Amino acid sequence: LGPSLGSSTLFSGLLYLGAGLTSDGDWWGTEQVIYFGAMIYANTLIAVCLGWALGAFFTQRELTSLVLYIITLVAALSSGFLVRSSTLVSGWQWVYQGSYLQWTFSGLMLNQFQGQLYYTNCQPGQDLLENPTSIV
């Protein structure tokens, strides 16, 4: 688990700076970057543990990789980032609630943007390409 901590720390530091998530220009020692790193590390640990569990269940490495890829793909698609939770079929709402990526993504968004208001002219069902200036 040590290499996971090192890679998560490096990745989260580079991603945090590269995405421009700093609000005050000083990210060393702030709670936001620590929380961001913790969520990246949590995602890494969940994926590693899920891979270990699947590896213990399946004897073929290729099948383990395929099943882990499918689980991660479904978790990413249902996290609310690529597909909104309100547009999921009612029978698939449990996937949204069970997605580990959804919980960490939601936590990251609340941590980074809590208390800030963002307005857009887009309404549900409106094509974003019709009014590209409304994308926040």
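First, some ground rules. Residues are numbered from 1 along each chain as its sequence is written, and side-chain values use heavy atoms, leaving out hydrogens and water. Because the model is predicted, local features need pLDDT of at least 70 and side-chain atom pairs count only at pLDDT 80 or more, while totals for chains, interfaces and linings use all residues.

Let's start with helix 1 (2-18) and helix 2 (residues 31-57); helices here are DSSP runs of H or I, at least four residues, numbered from the N terminus. The axes of helix 1 and helix 2 come within 9 Å and cross at roughly 135° (axes are lines fitted to C-alpha atoms over the stretch in contact, with angles from 0 to 180 degrees between N-to-C directions). The contact of helix 1 with helix 2 has nine nonpolar, six polar and no charged residues; Tyr counts as nonpolar and Gly as polar.

Further along, helix 2 also passes helix 3 (residues 61-77), with axes coming within 9 Å and crossing at roughly 140°. So helix 2 is oblique to helix 3, and that crossing is right-handed too. Here Ala47, Leu50, Gly51, Leu54 and Gly55 in helix 2 meet Thr64, Val67, Leu68 and Ile71 in helix 3.

Now for the largest pocket, at about 510 Å³, a volume filled by probe spheres set on grid points joined across faces, edges and corners. A pocket is an open set of points on a 1 Å grid where a 1.4 Å probe fits, with protein on both sides within 12 Å along at least five of seven lines, and lining residues have an atom within 4 Å of a point. Its lining has 20 residues, with Leu15, Ile40, Asn43, Phe105 and Leu108 nearest the centre. Helix 5 gives the most, seven residues.

Key. Helix = DSSP H or I, 4+ residues; strand = E, 2+ residues; numbered from the N terminus. Parallel < 35°, antiparallel > 145°, perpendicular 65-115°, else oblique. Left-handed = near helix turned anticlockwise from the far one by under 90°. Contact = heavy atoms within 4.5 Å.
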